[in-house]
Amino acid sequence: MKKEINLNMPSSSEGMSRIDGRLKVTGAAKYSAEYTVEGLTYGVLVGSTITKGTITAIDTKAAERAPGVIAVITHVNAIKVPGFQSEAGKPSAVRAQLKVFDDNKIVYNGQPVAVVIANTYERALYGASLVKTQYSKEQHETSLNASIGKGFPPHGDGLYKRGIQDAWKSAPYKVEQEYIVPTDTHNPMELHAIIAKWEADDKVTVWDKTQGVKATQHDIAQLFNIPVDNVQVNSKFVGGAFGSALRTWPHEVVALIAAKMVKRPVKLVLSRADMFTSVGHRPYTWQKIGIGATADGKLTGITHEAYGQTSTFENFTEGPVGVSQGLYACPNVNTKYNLVALNIGTPTWMRGPGEATGAFALESALDELSYLLKIDPIELRLRNYAETDPESGKPFSSKFLNEAYQMGADHIGWAERKPEPGTLKKDGLLVGYGIGCGMFGAYRSGATIKAKMTADGILLLQTAVSDIGPGTGTAMVLIAAEQMGIPAGNIRFENGASDLPQAPTQGGSATTASVGSAVHYACIELKEKFQKLTGNDSPKAIDYAQVLKQHNLPLLEVTTKSTAGDDRDKYAMNSWSVHFVKVLVNAATGVVKIDKVASVADSGHIISPKTARSQVVGGAIGGIGMALMEEAVMDHRYGRYINNNFADYHVAVNADIPQIDAQFVNKPDPYINPMGAKGMAEIALIGMAAAVANAVYNATGKRVRELPITPDKVMA
Amino acid sequence: MKQFQYICPTTQQGVLDVINKPGTKIIAGGTNLVDLMKRGVTAPDKLVDINHLPLKSIISTPKGLYIGALALNSAVAEHELVARQYPLLAMALKAGASPQLRNMATVGGNMMQRTRCGYFYDTTMPCNKRAPGSGCGAYEGVNRMHAIFGGSSQCIAVHPSDMCVALAALNAVVIIAGKKGERRLPFTDFHRLPGEHPEMDNHLAANELIVGVEIPNNHFAANSYYLKVRDRQSYAFALVSVAAALDIENGIIRHARLAMGGVAHKPWRLFDAEQALAGKPVSEDSFKQAAQLAMQGAKGYGQNAFKLKLAPATIAEALKHAAGLA
Ligand SMILES: Cc1cc2nc3c(=O)[nH]c(=O)nc-3n(C[C@H](O)[C@H](O)[C@H](O)COP(=O)(O)OP(=O)(O)OC[C@H]3O[C@@H](n4cnc5c(N)ncnc54)[C@H](O)[C@@H]3O)c2cc1C
């Protein structure tokens with residue numbers, strides 16, 4: 001049902017700062033590794049130094065004798081994890097994951113082969129250095145390029161087709177090119193960490209870095225065959241994740257095994273090097289695009305193939321070819337998506353997941369086509385603007401991407417762009433402009449909020465959802481303030497614990513749409529309860545504290561569940577973005593400097609302007625990193641990453657980041673949810689890498705199709 | 001971590017008395033040594049903290065500038081004398097690491113910092129520098145950052161310092177204290193090429209201590225430039241860096257000094273190019289010719305072959321900046 005949403009509705013408390021900002025900058029926010037638990041012990045992992053084979057012997061004696069060491073746990077002495085034993089009836093998440101310490105098989109380098117538990121971290125670390133493992137090596141495969149012939153479709157035949165197969169080939173103007181996105185790692189600032197404490201044989205509490213406390217709770221219950229309610233998962237603050245904490249990883253299982261075995265709580269914090277092997281990554285992906293158009297720039301066909309990495313024990317899939325299916329009105333599209341199983345840890349969704357990978361290829365290819373056609377890249381996009389969803393034919397719930405193009409073009413100064421590459425110069429540097437678009441499904445799932453108004457006039461909102469940094473709590477407080485007509489300062493938000501009401505895992509840019517809807521409806525219900533008490537349904541602001549006092553009540557509360565409506569069947573729902581980038585390039589040295597970014601999000605109504613802006617800025621920075629410098633480099637002879645630290649794996653630093661002009665169309669989507677708000681975390685990054693690559697081409701005439709765009713690839 | 005002894009002598013003699021014992025290491029700012037200890041690359045039994053020695057001074061002498069071995073990288077970079085008379089050094093220092101690291105890092109420690117080669121840092125990998133005889137992982141491996149000059153089949157690692165590139169260009173002298181008193185070594189002779197012994201980075205003996213460096217007076221202050229090409233704008237080691245200093249009179253180069261970083265096991269002085277520039281007019285052509293001359297004997301090993309092109313481009317670019325043409 002279409003909701004009337006006042007377009008001029010001011011965002012409540014325009015520009016309110018994060019509710020947890022002070023806690024974060026003063027260090028008062030407590031992250032998973034920072035809890036003090038009585039009798040705590042410390043675990044340090046020992047990782048495999050081979051890439052494939054078996055452990056033939058593991059000598060733990062020296063480690064066991066080292067001062068302070070309590071236990072050394074390996075596949076030889078580890079308790080059996082029930083969830084690893086019987087496959088029947090287990091969800092695939094449990095079935096397929098690495099069965100850590102279950103046997104002597106090695107399937108990737110860095111795989112945990114032992115954990116040393118000691119009474120201090122330093123002693124555990126030293127103990128870990130004393131564990132000596134012997135292996136029988138087998139030939140490993142880690143290079144996607146070398147193994148691409150072994151690609152296989154993850155589901156069905158991995159093919160999609162509408163219209164004519166490979167129609168681009170018969171177009172008068174066409175481009176066919178290959179694109180590579182390397183392995184990127186999430187590497188949030190906060191290292192993955194868990195404290196596991198068994199309260200009883202079948203009852204456990206964990207403080208764990210996770211994007212979904214409920215999902216982790218269920219995984220642990222399945223793995224250890226204990227009742228779900230006996231698992232308490234706390235994740236009050238998460239110092240970034242970008243997708244790396246969307247699932248349960250081996251180190252979490254290790255901590256649970258160890259805590260059970262030593263009968264004391266165990267804290268396990270990954271090292272920075274472990275962050276490269278053990279908690280996923282953006283999969284290295286090889287893509288090929290064929291794209292064709294008529295002389296007036298009408299797309300006639302797109303063929304998009306993608307081969308992405310996965311591990312040998314799990315199929316990780318994402319959607320790199322989806323952008324080619326849905327971003328433009330093109331009658332003939334066929335895509336193919338394959339996986340290549342390699343001896344690496346399983347990849348996982350990284351911000352903008354497959355769409356970011358796919359958009360780099362599609363938006364680069366479209367840019368190449370624009371030069372061939374001599375049509376301005378914005379104009380080319382407008383000529384192929386999808387008014388309805390090209391995949392399903394359904395109308396969009398809302399789409400203002402064309403307005404976003406205009407806003408972004410104005411903000412970057414697109415008029416200054418020269419169509420001929422290498423012709424615009426400033427202070428001895430080449431100047432270039434580029435554009436790249438992003439799209440991502442606008443999702444919404446079920447969520448429950450408990451809202452409680454107490455006699456002091458304070459409203460407490462409770463739900464299990466994690467807040468990994470986007471400012472979820474802030475947005476929820478703003479939604480409630482608007483509905484209840486009370487100051488944001490009178491609202492508390494409690495989250496990140498599995499005993500709170502159900503909420504989805506924070507991922508896929510769906511939290512505000514899902515949990516926010518529950519907040520919205522909970523507040524309406526709560527208000528109605530008050531109105532019933534007063535017998536007064538006047539829309540005038542209610543003095544809640546006063547009403548409670550008058551009726552001698554300590555509180556009024558509601559528990560409200562919200563689910564997506566059936567509008568989802570009638571409309572195609574997406575968020576869109578467009579990124580404009582201006583670069584300065586030193587032609588001689590190939591150094592690219594981003595001079596300006598203008599990113600525009602079409603993500604419905606903006607609820608929290610400040611944190612929304614942070615999302616766009618953060619996404620642009622992630623995209624600049626992806627474009628210019630991020631790459632986990634592996635020596636395939638050994639299957640080990642060479643740059644597994646923050647000195648050598650480059651993420652963008654302040655000096656790389658110019659002024660980022662974050663803009664919003666800020667028009668509500670009338671169908672997605674009562675606030676008209678759509679997700680924006682992913683689209684903030686999707687398309688950015690292509691915008692940079694396209695700007696570099698415009699500046700230099702050098703087309704870089706393999707990320708990252710380092711100076712060696714650009715220099716004359 | 002392995003347990004170790006930590007001592008903190010207050011006199012130079014106290015330091016010299018203990019440092020020649022095997023397993024003993026000097027610690028200054030600790031920004032490199034502690035990382036190496038954490039990664040298991042080195043595991044000293046005894047750390048000798050030298051921070052209580054009076055070696056922090058930066059003073060002008062009749063012959064030039066004296067900088068104590070314990071002067072902080074940030075203190076040197078921001079020192080008024082350095083900024084005015086040796087801007088090349090200030091620029092090089094500021095191009096290195098991060099403000100936080102420069103606030104801890106010392107001049108002596110910077111000279112003694114070890115290579116950032118990934119194979120050196122990973123104790124499971126072959127590396128002749130870390131474990132002589134184990135092979136060189138980089139030679140046919142990931143060697144994008146590696147040397148194009150002076151490498152050997154044993155090692156193609158580079159010395160990662162920026163500061164040292166400027167000091168090499170400025171003809172600095174290293175002052176070294178040992179049991180038998182002080183000795184002076186030209187900066188360009190301090191670091192060595194890997195040859196058959198890549199485990200040795202330089203010519204400092206185990207029982208010696210760097211006490212300071214001296215930079216002679218020069219006429220380069222007006223025309224100096226340090227250009228560092230790297231994968232991000234800050235906080236990254238050089239792919240190639242160039243320290244360029246020119247003494248120009250009436251559009252003619254009287255003397256030139258050039259050194260490169262990121263290309264060899266030591267700061268790489270470009271003596272031939274310097275000579276070629278002397279007497280030439282300030283022009284892009286002279287710079288390009290000198291840059292080509294500098295590349296004699298350069299050799300790529302695969303991934304780093306791009307440096308054969310990047311290095312001369314960077315030399316020419318740095319000279320342009322130094323001459324005020326850019
Ligand atoms: C992330 C990162 C990025 C960096 N980026 C750069 C960069 O871009 N450019 C750059 O140039 N550098 C860079 N560095 C390196 C930094 O400059 C060095 O770590 C620093 O200069 C070392 O100085 P220190 O005083 O901390 O040395 P320490 O770590 O204390 O010691 C290093 C070595 O020097 C020896 N030593 C110290 N003082 C003396 C002395 N007086 N006599 C004899 N031996 C001595 C020690 O025994 C030890 O072996 C970076 C470092 C890090 C960690």
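A salt bridge is taken here as a side-chain nitrogen of Lys or Arg within 4 Å of a carboxyl oxygen of Asp or Glu. By this rule Asp712(A) forms a salt bridge with Arg144(B), with 2.9 Å between the closest N and O atoms. The structure is a predicted model, in which local features need pLDDT of at least 70 and side-chain atom pairs count only at pLDDT 80 or more, whereas totals for chains, interfaces and linings use all residues. Residues are numbered from 1 along each chain as its sequence is written, chains are lettered from A and ligands numbered from 1 in the order in which they are written, and side-chain values use heavy atoms, with hydrogens and water left out.

The interface between the two chains is described next. Chain A contributes 35 residues to the contact and chain B contributes 31 residues, contact meaning heavy atoms within 4.5 Å. The size of an interface is often given as the accessible area lost when the parts come together. Buried area is the accessible area (1.4 Å probe) that two parts lose on being put together, summed over both; between chain A and chain B this area is about 2700 Å², and carbon and sulfur atoms give 60% of it. Of the area that chain A buries against chain B, 18% is supplied by Ile642(A), His650(A) and Met715(A), more than by any other three residues.

Between chain A and chain B the count is two salt bridges, and 12 residue pairs, both residues at pLDDT 80 or more, are found in polar contact across the interface. A polar contact is a pair of N or O atoms within 3.5 Å; within protein, one must be able to donate a hydrogen and the other to accept it, and residues adjacent in sequence count only if both atoms are side-chain atoms. On the side of chain A that touches chain B, the elements giving two or more residues are α5 (121-130), β23 (592-602), β24 (634-635) and α20 (711-714) of chain A, where helices (H or I, at least four residues) and strands (E, at least two) are DSSP runs numbered from the N terminus. The element that gives the most to this side is α5(A), with three residues. The residues of this side of chain A divide into 20 nonpolar, seven polar and eight charged; Ala, Val, Leu, Ile, Met, Phe, Trp, Tyr, Cys and Pro count as nonpolar, Asp, Glu, Lys and Arg as charged, and the others, Gly among them, as polar.

Within chain A, four strands form an open sheet of mixed pairing in the order β20-β19-β18-β21, two strands being paired if DSSP finds at least two bridges between them. The edges are held by β20 (491-494) and β21 (555-562) of chain A, each with a single partner strand, so one side of each is left without a neighbour in the sheet. Neighbouring strands of this sheet are turned by 15 degrees against each other on average, direction ignored. Strand β18 (residues 447-454) of chain A pairs with β21(A) in the antiparallel sense over eight bridges, and Thr448(A) stands opposite Lys561(A) in β21(A). Helix α14 (residues 472-484) of chain A packs on the sheet, where it touches β18, β19 (459-462) and β20 of chain A, and its direction makes about 140 degrees with that of β20(A). Axes are lines fitted to C-alpha atoms, for helices over the stretch in contact, and angles run from 0 to 180 degrees between N-to-C directions. Helix α15 (residues 511-534) of chain A also packs on the sheet, touching β18, β19 and β21 of chain A, with its direction at about 140 degrees to that of β21(A).

The pairing of β18(A) with β19(A) is antiparallel over four bridges. Met453(A) stands opposite Leu459(A) in β19(A), and in β21(A) its bridge partner is Leu556(A). The hairpin of β18(A) and β19(A) has four residues between the strands, and in it Gly457(A) takes a positive phi near 80 degrees.

Over all chains the structure holds 37 salt bridges. One of these joins Glu494(A) and Lys236(A), with the closest N and O atoms 3.7 Å apart. Glu494(A) lies in strand β20 of chain A and Lys236(A) in the loop between β11 (231-234) and α8 (250-262) of chain A, so the pair ties together parts that are 258 residues apart in sequence.

In chain B, an open sheet of three strands has the order β1-β3-β2, with parallel pairing.
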